[in-house]
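Take a look at the fold below.

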Amino acid sequence: MCKSVEGADFGFSAWLSSLGGFSSKGCVRLNARRPIYEVRDATGRSIIVKLYGEDPVDEGEKERRLMKEYKALESLWNDGLGDGAYRVVKPLGYYLGNYYALAEEKATGINLLEQLRRKIKARGSLVNEINGVAELLARIHMTKPTPKTWWVPDWRRKVLGVRAGSLENELMEAGKIWEAEFPLPLPVVPLHGDPNPTNFCYDEFHLTAFDLQMYHYGYPVEDLGEFAAELKFAFEQYAGNPSEAEPYIGIMFKTYSVRTGLSFEALTAYNPFFMGIWELSMASNSFMAQKRSWLIREAYRCWKFGLQYIKRRSMPYLLSASSSGYHFH
């Protein structure tokens, strides 16, 4: 266990010690598929260390991936997301030796997916958690918006990659209709990039985001749609009824719209497209074997259902935020 960290060379150990005098006295691997470790020192303090050095890519790409996440966290911290109830983890440093390591603070609380699982099984309310996600994503998106550019997600690759069988042609046809809607009447903003519930920690006072290696610019509904897809899947898994997620998805979009001043109608109109893209992404994972067909069908339903309510070329444009100072035109 933790051979990569515990057997590290002198330079790596010295780097750990430079992080506020941190001296490793043990570690625990946190993810079976990815080399992410909780490293403890003699006082009981913990930090998180992610090793990009084990990625099966060349040295230049390892460095690029490492620095992308580090700079994303650093940028968000510089823009104030280190403070308050809705925040991101603090970047502590990086190491460009053989390990290509990123160190960050350990988020407080429990993993948000576990929090959702407990509440769903107990039939408890998720309003606080869902409002928190909307608030945190809004804070990330409001840092450095750039309304001058737009793009179309690579939905074709998602369709072809999932091997949808008899639904492939239908998905391709629906995707072409959605593509004709671009550019969207939404700004391009900094995105978390992978806001599934496993990438947040929740406690009574904070909701903290981490794992920003997919940080990039895009339409805000991309983040919202991914979380909505994950929430629907959580209700399918833990309650056997994905439709129970719908009221909470509505709450998330309403809170986000109020917080940012963006049009609720525009956000929700394009949400089915991005939900469907993420459901196809989920279905392509080998560990989703038992739910693969369900996810593909749900993606197709999202795309077909959403198209019924798109008012082509007549979507309302964005509103401007009043008190938040968040303006898109």
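This is a predicted model: local features need pLDDT of at least 70, side-chain atom pairs count only at pLDDT 80 or more; totals for chains, interfaces and linings use all residues.

The protein chain exposes about 15300 Å².

Charge comes next. The protein chain carries 40 positive and 39 negative side chains. The centres of these two sets lie 3 Å apart.

Now the overall build. The protein chain contains 11 helices and 11 strands. Its radius of gyration is 20 Å, close to the 20 Å that the globule rule gives for 329 residues, so the chain is as compact as a globular protein of that length. Along its principal axes, the C-alpha trace spans about 60 × 50 × 45 Å.

How much of the protein chain counts as buried? Of its 329 residues, 52% do, where buried means under 20% relative accessible area. Contacts also reach along the sequence. Among contacts in the protein chain with a separation of 6 or more, 70% join residues 24 or more positions apart.

Helix α8 covers residues 220–238, 19 residues in total. From its first C-alpha to its last, α8 reaches 28 Å. That is close to the 27 Å expected at 1.5 Å a residue.

Is α8 mostly covered or mostly open? It is mostly covered: 17 of the 19 residues in α8 are buried. An α-helix has 3.6 residues a turn, so residues three or four places apart point the same way. In α8, burial takes in 17 of 19 residues.

Finally, step past the end of the helix. Just after α8, Gly-240 takes a positive phi of about 70 degrees.

Key. Residues are numbered from 1 along each chain as its sequence is written. Side-chain values use heavy atoms; hydrogens and water are left out. Helices (H or I, at least four residues) and strands (E, at least two) are DSSP runs, numbered from the N terminus. The expected span of a helix is 1.5 Å times one less than its number of residues. Buried means under 20% relative accessible area, exposed over 50%, partly exposed in between (1.4 Å probe, protein chains only). The radius of gyration is taken over C-alpha atoms; the globule rule is 2.2 Å times the number of residues to the power 0.38. Contact means heavy atoms within 4.5 Å. Accessible areas come from the Shrake-Rupley method with a 1.4 Å probe; for residues, only the protein chains shown count as cover. Lys and Arg count as positive and Asp and Glu as negative; His and the chain ends are not counted. The place of a charge is taken as NZ of Lys, CZ of Arg, CG of Asp or CD of Glu.
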